[in-house]
Amino acid sequence: MLPESIGAVKAATDATQSVMKLKKPILHELAKLTHDLTDMQAYIDYLDSAREKYGKVRSILIEQPTDLYNFYVHNPLLYKDKEVETENMMNVLNISNFVLILGSGAMGKTTLMKHAFISVSLSDDIIPIFIELKDMNETDISLIELMHSYIFRLGFKEGTDIFKHALSSKKFLFLLDGFDEVVSPKVAFVQKEIHELCDKYPKHYYVVTSRESTDFTSWQRFHVFKSMPFSKEKAIELIEKIPFDASVKTKFLKNLNDGMYEQHVSFLSNPLLLSIMLKTFKSYANIPMQLYRFYSNAFDCLYSMHDATKDSYERERKSKLDEDSFRKLIAKFCCKTYFAGKSKFSNKELHDELDALKKSNLTKTDYKANDVIHDLVSGICLLYKDGFDFYFTHRSFQEYFTSVYILGMPDEQQKNLYMKLYKSKRLIFSDAVLPMLFDMNENRFNVNFTIPLIRELCDECSHGEHPELELIKKCFHHVDFYF
C-alpha cells in the first residue's frame, strides 16, 4: 500500500474515533433538547398518576380509599403570630421558597402536603414532587435519586440525567414530609441532602414537615410555620364531612356545641383524635381526660367494632386471639419497632417480626402471621397496606402500645429502657410515650426514671467549676448559653 493510502486510512480512522467520542455527549445534549421541547407529556402522565395516588386517603373511620376532599378541612398555618390560609398553597409559598411546617403528631401535616400537591399540580408552571423522608432510612441513594424513583414509578419514563437537567430548566415544588421520621443514623445525611439541594437549586419551592422537637437551628433560610389546632368550627366541619352513623353524629355535634369542645379541647382540636373520639362516642358515654385512657378506649372500640351497616355483625378475627392476648402481642410488636425507628414494613418484614414474637409465648393461642396481619389491617385498622408495604394508621397507636409494654416491665428493665429513651433525645421530645407513662403510674415513673435521671445528671455535672450551670445547660441542650 502506498504511503499516501496509509495516511488516508489513518486519517479516516482518527476521524471516526473523534466522531464516536463526540457522539455520546452530542446525543445526550440532543436528548435534553428534545426533552425540553416534548417533555410536558411525560410530566402530564406523571401528574395524572400522582394525583390519583395522593388524592385518595384512608383513616380510622374511612377504611377504603376515599377522595381527599370528601372530608378534608382547610386549616390555617401560624406564621409570625398571623394566620395564613392554606386553601391556596401559594399563600404560603409566596412568603418564602423555603418552608418548614412544624406540628405535633396527628395534626394533619401529611394530609396538608397531599392537598398542596393536588392544588399546585393543577398549575401550568410548577411540578410538585411528594416525598416521604422516612424512605431515606432504608437506602443510601441521594435525595435526587429518590425523587426520580418516585416519579418514575408514577409514569415519568425518562432517566435520572434527564430529570437532573429538568431541575435547571423547570420550576419544582418539593414536598418533603416527615423529617422527624428519619432515624438517628440518617438525620445528618438527609439534612445535608436537603441543604445541598436548596443550595444548588434555590429557585424551587421546598416544604418540609416535622414534629416540633427536632433541632432546626441550622435551617436558617427556612421560614417556620406552625400547624394550628382545630377551632370548634373546624371540628364541627370535619365531623359533618366524615361518613358515619347520622344519629351518632347528631348527638356528638350537640355535645360538642354544649361545652364538650371546651372541656376536651386538647383532644377535639386534633383531627385524628377527634375522628377516633367520634368512633368511640357510641360505646363510651364519657370521654377520659388522660390520653392513654383515650387510646385504650379507642382500641377496645376498634377491636370489637361492628360492620357499619349491620349492627349485629361482628368482624371475624382470623387470628382467634382474645383481646388480652392481642393487646400483649401488639404491645411488644409496637415497642420493638418503635425503638428500631420503623413504622413501615414490607410483607416479609412484618411476617418475620410476628413469627419472632411467637417464640416469646406472649399468647396462649398459637397464631399464623397472615391471620394477625389480616386482623391488624381489616379487623381493627391499626395498619394499612399501600402498594407492597404496610404502615401504622397513625404512629400515635405505636406510641400508646409502646407505653403499655414498658409499663408491664419489671422495675430494673424499666429503668434501663427509660435511660435508653432519654439518650435518644429525638424520641423523648417528639412523641407521647413518656407523658403517657407518667399518667399511667406517676409514682413508678418517678422512681424508675425521674430520680435516676436527676442523679445521673448531677453526677455528670459535679466535676465542673460551676456544676449548677452545667446542669442547666444539660437540661436545656437546645439553648445557647453565654457567660
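These are my notebook entries on what I looked up in the predicted model above.

**Conventions**

I number residues from 1 along each chain as its sequence is written, and I leave out hydrogens and water, with side-chain values using heavy atoms. As the model is predicted, local features need pLDDT of at least 70 and side-chain atom pairs count only at pLDDT 80 or more, while totals for chains, interfaces and linings use all residues.

**Overall counts**

I looked up the secondary structure and found 21 helices and twelve strands in the protein chain. Helices (H or I, at least four residues) and strands (E, at least two) are DSSP runs, numbered from the N terminus. I then looked up burial: of the 483 residues, 48% count as buried. Buried stands for under 20% relative accessible area, exposed for over 50%, and partly exposed for what lies in between (1.4 Å probe, protein chains only).

The chain exposes about 24400 Å², and carbon and sulfur atoms supply 54% of that area. Accessible areas come from the Shrake-Rupley method with a 1.4 Å probe, and for residues only the protein chains shown count as cover.

Residues 24 or more positions apart account for 69% of them.

**Nonpolar core**

A nonpolar core here is a set of buried Ala, Val, Leu, Ile, Met, Phe, Trp, Tyr and Cys residues joined through side-chain atoms within 4.5 Å. The largest one has 139 residues, of which Y46, L133, F179, I194 and F252 touch the most other members. Helix α13 gives the largest share of this core, eight residues. In soluble globular proteins, nonpolar side chains tend to be buried together.

I followed up I194. Leaving aside residues up to four places away in sequence, I194 touches L133, L143, L176, F179, W219 and F222.

**Helix α8**

Which residues of α8 (residues 232-241) are buried? I list K232, A235, I236, L238 and I239. They sit on the same side of α8 because they cover an arc of only 160° around the axis; the arc is that of the directions from the helix axis to the C-beta atoms. E233 and E240, on the other side of α8, are exposed. The cover over the buried residues includes α9 (246-263), α10 (265-268) and α11 (271-281).

Strands β11 (residues 383-386) and β12 (residues 389-392) run antiparallel and are joined by four bridges. The two form a hairpin with two residues between them, and G387 in the turn has a positive phi of about 70°. K385 has F390 in β12 as its bridge partner, and Y384 stands opposite Y391 in β12.

β12 also pairs with β10, in the antiparallel sense, over three bridges. There, K344 stands opposite Y391 in β12.

**Salt bridges**

I count a salt bridge when a side-chain nitrogen of Lys or Arg is within 4 Å of a carboxyl oxygen of Asp or Glu. The structure holds 21 of them.

The side chains of R221 and D199 form one, at 2.4 Å, N to O. This pair links distant parts of the chain, 22 residues apart: R221 is in the loop between β8 (205-210) and β9 (223-227), and D199 is in helix α7 (residues 184-200). R221 counts as partly exposed because its relative accessibility is 32%.

Within helix α13, K328 and D324 lie four residues apart, about one turn of the helix. Their salt bridge has its closest N and O atoms 3.5 Å apart. K328 is partly exposed at 41% relative accessible area, and D324 is partly exposed at 44%.

In helix α17 (residues 411-423), K415 and E412 are three residues apart, about one turn of the helix. Their side chains meet in a salt bridge of 3.5 Å, N to O. K415 is partly exposed at 26%, whereas E412 counts as exposed at 53%.

I also noted that salt bridges link E132, K134 and E181 in a network.

**A340**

Where is A340 found? I place A340 in the loop between α13 (323-339) and β10 (344-346). Is A340 buried or partly exposed? A340 counts as partly exposed because its relative accessibility is 45%. A340 and V183 are 157 residues apart in sequence, yet their C-alpha atoms are 8.4 Å apart in space.

Note on methods
Contact = heavy atoms within 4.5 Å. Pairing = 2+ DSSP bridges.
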